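Trainee: I'm new to this one, and I'd like to learn how to read it. Could you walk me through a few features?

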Amino acid sequence: MYFFYCVRFTGSILEKEKLINRSKKKKYTEEDYLYEVQVLDPNIKRLKSIIRNLKFRRNRNEFKLKRKMPSVCFGGKKNLKNGDLETYRFKRARRMLIPGRRQGKYSNNLFKLNIDNDMLTYRSTQKDIVFKVQFHKYKDELYARVNEKHNSPDKAVAYELMDYGEYFIVKAIFEKHMNLPKTDTLYGAIGIDINVDHIALCETNMDGNIVLIKKYPIHKENTKNKRSEELYQLAIEIMEQCKSKKKSLVVEDLNFKQLKTRMLYRPKKQNKALSSFAYKKILEKVERKCLMNEVDVIKVDPKNTSKIGKEKYTKIKGLSVHYCAAYVINRRGMGFVD
C-alpha cells in the first residue's frame, strides 16, 4: 500500500516538473494552468497526507513490535508459574477492576460477555477463563449496552472481580440513564443532618416552617456488614419519605479533603469515632437511592449550620442542636437566608 501511493506521488511530481519546464519555454497554455491548479496540486497534497499517515502507522507498529509490554501480576509471577495457587491467591489483591471500552465489541478489553448463554470469558495472560454468571438487577440494561453499536457513548461496561475465598462476585458497572427528578422545593423540602450515632431529619412546608422531625439511629458498635446493611435501610427510608411527600432532599456539600486535614489536630478518640462514622458512605448511599428513584438532591454550603441552629432556633423551637442544624440545611436548600 505504501509503495503504491509512493509510485503515484512520484508520477504526479514528474507531471508537475513537465508543466514547469513548459512554462519556462513559454509553451504554457490556459488548459495546462487549470489542470495544474484544479487537478494536479490537490492530488499531490492528498498523496502527501496519505504517505505521512502511512509512515506514522508503520513506525508505530514497528515500535510496538520492539517494545515489551509492561505487566503486573498481583501475588507474584513466581507463585503463579510454580503452581502454588494458595500462596498466589493469598498474596494477590482481593479486588480487580477492569475499566470499560466503548470501541470494543463486548464493551470491555478483557471481559467478553456472551448474552445468549450468560457465559463470561476473562482473557488472562495464560489462558481464557470461562464461567457462567447471573446478573440479577438491571440485566436487560446491561445486555442493551453490550448490543449497542461500536463507539456508542454509553457502550462501555466495567467489571469488578471480588475474591471471597470460596466464591467470586462479579459486578458489571455501566452508565445508567436517569429520569428527571419528580420532586422540588415548591411545597417544602426535607433536610438531614448526619451525625456519628444518628441522622436528624427535618421536613418543612412551603413557608419554611417545621412540619416533621425524625431521628434515625446508627449503631456504630455493629460489624462492618451489619452497619452497611443498616445504612442501606436508612437510605431507603429517607428516600421513601421524600418520594411520598414529593419533596427534594437537602444535604451538606462537605469537602472530605479538608475534613482529613482537620483530623490531624484532633484527639485520637474523636478521630476514631469520626473514621468509623463514615459520613461519605452514608451520603453516597442516600444520594444513590434518591437519584435512582427520581428524587432531587440539593447540596448546600455546610458553613455554620450547627452554630446557627444552636444560637437561633434551639430556644425558639425547643429542639436539639442536630434537629436545628437539619432545619438550617433545609431552609438553605429552599433559598431562605438565616
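Mentor: Let's take the overall chain, then a sheet, then the cysteines. One thing to keep in mind from the start: this is a predicted model.

Trainee: Fine. How many helices and strands does the protein chain have?

Mentor: You'll find eleven helices and eleven strands in the protein chain. Of its 338 residues, 32% are buried. The chain exposes about 23,200 Å², and carbon and sulfur atoms supply 54% of that area.

Trainee: What share of the contacts between residues at least 6 apart in sequence joins residues at least 24 apart?

Mentor: That share is 59% in the protein chain.

Trainee: On to the sheet. How should I read one?

Mentor: The general idea is that strands of a sheet pair through backbone hydrogen bonds, either parallel or antiparallel. Here, look for an open sheet of three strands, in the order S2-S3-S4, with antiparallel pairing. Strand S2 (111–114) and strand S4 (128–132) are its edge strands, as each pairs on one side only. On average, neighbouring strands of this sheet are turned by 20 degrees against each other, direction ignored.

Trainee: How many bridges join strand S3 to S4?

Mentor: Five, and strand S3 covers residues 119–123. Pick out Thr 121, which sits in strand S3. Its bridge partner in S4 is Val 130.

Trainee: Is Thr 121 buried or exposed?

Mentor: Thr 121 has a relative accessibility of 14%, so it counts as buried, the cut-off being under 20%. Leaving aside residues up to four places away in sequence, Thr 121 touches Leu 110, Phe 111, Lys 112, Asp 128, Ile 129 and Val 130.

Trainee: Now the cysteines. What is a disulfide?

Mentor: It's a covalent bond between the sulfur atoms of two cysteines. To count one here, the two sulfur atoms must lie within 2.5 Å. By that rule the count is zero disulfides. Take Cys 202: it is in no disulfide, and the nearest cysteine sulfur, in Cys 324, is 8.3 Å away.

Key: Residues numbered from 1 in each chain as written. Predicted model: local features only at pLDDT ≥ 70, side-chain atom pairs only at ≥ 80, totals over all residues. Heavy atoms only, no water. Helix = DSSP H or I, 4+ residues; strand = E, 2+ residues; numbered from the N terminus. Buried < 20%, exposed > 50% of the residue type's maximum accessible area, 1.4 Å probe, protein only. Contact = heavy atoms within 4.5 Å. Areas by Shrake-Rupley, 256 points an atom, 1.4 Å probe, with all protein chains shown as cover. Pairing = 2+ DSSP bridges. Axes fitted to C-alpha atoms, helices over the stretch in contact; angles between N-to-C directions.
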